[in-house]
Amino acid sequence: MINMSNIAIDLSNNGGEYLNTLLHLANLESNESSYDLLKDTLIKSKGDQVSFGIAVTKL
Amino acid sequence: MINTFCFILLFNIILFPSDFTQINDNHNNDSSSQEISWEGFFTKYQFKQIYIVFAGPYPSSPSSSFGHIFLLLEPQETKPFFLWHAIDFSANVDSVGSFEFFVKGFFGGLLGAYRIIPFYERFRDYNLLENRALWLFPLDFNNTEKNRFLYNIYTLQNKDYEYLFSNKNCASKIDLVLTESILDPTEKKPNNSLIFFPHSLLNNWKNRVGDLIYIESMKNVIEESYNDFSINNLNDSLNINNLSNTEAALLLNSLEWKYLQKAEHLQQEEKDILNKLRVIVSSSKTETITNFTKFEKDFYLHPSNLIGGGINFLSNSSPEYLVNYRFGLHEFYENTSVYPQNDYLSLLKIEIGIKKNKMILNELFLFNQLSLQPISKLSSYMSWRICFGVVRNLEYQSTPLSYGLYTGLGYTIELLKNRVKLSSLLSVSPVYLQSYGFSLIYGPELIVQINVLENIRLMNIIKGLFNFRENLNDVFYNETNLGIELFNRNYLIFQFKKSMYSSWYSIKYNFYIN
């Protein structure tokens, strides 16, 4: 759904429609620490797909 | 409060006209909203602003040739644009083949339904994959009308209704649900015409809409951005480390757009370039490439019906008077501020010559499309023609009628931006030629289009025609058309056709009717 490349471009500008959508879906605040978290995650994944969400653990 | 409102609604609406006749519940549609109560639905979908959205025509698909209409709900709470709710009426095509869809779309047998979908899905389909611009018209609804609208959608969604391309389509069904939601009965306009297209809906609501928001197609935005771009060809882009960050962002957008157009998985090499570019781009500031821009021209959708008349001077016969009618999108000489500029499409086109007591059929096309999309740095779409019908042939002696299919395939280049285009096609036409018999006519074709001025357009066609019949000569044919846009989108057309056997000079005056 969300275009990874547009998120990368939005991240470079610290804002944008695609980035806002991702932040909203991931339930993250729109602030510097969220942008840094996403940038780090993107770099760690070497630009490939990144999964966001809440981990569900089955007991 | 919601219960009180619901009670009032039950007294106010729900006497739906016959077009809301439901065929059956759409049990296959796995929509969560189908199960929820009216109160839950109201809470989930209540909105601050409703927009009529017009997605520009998509000439590659006949059913989308006149554009698509859907609605967009801006929620009460602040939410990213892509997560707003879109509502459309569309045909259910899951188990229908292309040919069946085409036939049933015209003659009946298709089912359609109102659906609520996230806007990002529609945005991706139309703007990114199908290269269509979007126009958003804010609709002035008061709170009661908004609530009535929501209740109508709640009642109507996920049920099957008859779908027809002509007048039971996205535009007519959306128009109907909007009309049923407004309070003032004098504003309700009839929606029972044989043809109801997006321009009909926009015309009905023109007094209720505010300033439009325009979203250009991603392809056009990227192509425009290439003017200052140092990479000449996307395939030369492997040395990405030398690019500025803004160039890298443009390349990233371009490559992703290009790969999305290919309905196949990316090669590992292509995927690696995209991944690397994403990391580079995210690291420092870029100039964002945005397709949310101001629409500089007038928004105008002309009616599909064009009629006209004129006079035709023939080299070897007395003059004849002409009557013509066209149902379709547009031809080369028409002002296409909103419709795509490189696709000329008629679903029905007829021209009759009248001479003393005689009427002569000059042409009758049941489908006529000429697509002349220029190749660019970003894309290399082919140009093509498909026509089906009857045409009087000046190319051969005694100007016989030919019945059949006329096709062509080739490429177009733009020699001067928005001014001069040159197309080269190879045409192949299996036809039945009156008094000669069946034949396959083929040959090269050169089309030159010149926008002389904003309202003066010229199209010249030169053809060499070969065939397999011994009793038919190979011929050379030239046709020049000059269209001048007069006041109020009325057109004057000068046409000159010449073959080795005869020539025509004609003057026509064409205008739209609703």
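**A short tour of chains A and B**

Hi everyone, let's start with one residue: Arg489(B) sits in the loop that links β19 and β20 of chain B. Please keep in mind throughout that this is a predicted model.

What is the phi of Arg489(B)? It is positive, at about 55°, although Arg489(B) is not a glycine. As background, most residues other than glycine have a negative phi. How open is the spot where Arg489(B) sits? There are 17 C-beta neighbours inside 10 Å, so Arg489(B) counts as partly exposed.

Asn488(B) belongs to that loop too, between β19 (475–485) and β20 (491–499) of chain B.

Let's step back to chain B as a whole. Its domain assignment gives three ranges: domain 1 covers 2–215, domain 2 covers 218–290 and domain 3 covers 305–513. Taken over C-alpha atoms, the centres of domain 2 and domain 3 of chain B lie 40 Å apart.

Now for some strands in chain B. Strand β4, residues 85–91, runs antiparallel to strand β5, residues 110–118, and seven bridges join the two. Which residue of β5(B) is the bridge partner of Ile87(B)? That would be Ile116(B). β5(B) has another antiparallel partner in strand β7, residues 159–163 of chain B, with three bridges between them. On that side, Leu110(B) has Tyr163(B) in β7(B) as its bridge partner.

Next, a helix: α8 of chain B, residues 218–225. Which of its residues are buried? They are Met218(B), Lys219(B), Val221(B) and Ile222(B). These residues span an arc of only 165° around the axis, so they lie on the same side of α8(B). And what covers them? The cover includes α4 (119–129) and α9 of chain B.

That brings us to where the two chains meet. In all, 23 residues of chain B are in contact with 19 residues of chain A. Looking at the side of chain B that touches chain A, α9 (245–261) and α10 (268–283) of chain B each supply at least two residues. Which element gives the most to that side? It is α10(B), with eight residues. By residue type, this side of chain B has ten nonpolar, eight polar and five charged residues.

Let me finish with chain A itself. It has three helices and zero strands, and from the N terminus on its elements read α-α-α. Chain A has 59 residues, of which 32% count as buried.

Asn27(A) is in the loop between α2 (17–25) and α3 (32–44) of chain A. Its phi is near 60°, a positive value in a residue other than glycine. Is Asn27(A) buried or exposed? Asn27(A) is exposed, because it has 9 other C-beta atoms within 10 Å, and 12 or fewer is enough for that class.

Methods. Residues numbered from 1 in each chain as written. Chains lettered and ligands numbered in written order. Predicted model: local features only at pLDDT ≥ 70, side-chain atom pairs only at ≥ 80, totals over all residues. Contact = placed C-beta atoms within 7 Å. Helix = DSSP H or I, 4+ residues; strand = E, 2+ residues; numbered from the N terminus. Nonpolar A, V, L, I, M, F, W, Y, C, P; charged D, E, K, R; others polar. Domains from an automatic or database assignment. Pairing = 2+ DSSP bridges. Buried ≥ 20, exposed ≤ 12 C-beta atoms within 10 Å, placed from the backbone. Arc of directions from axis to C-beta.
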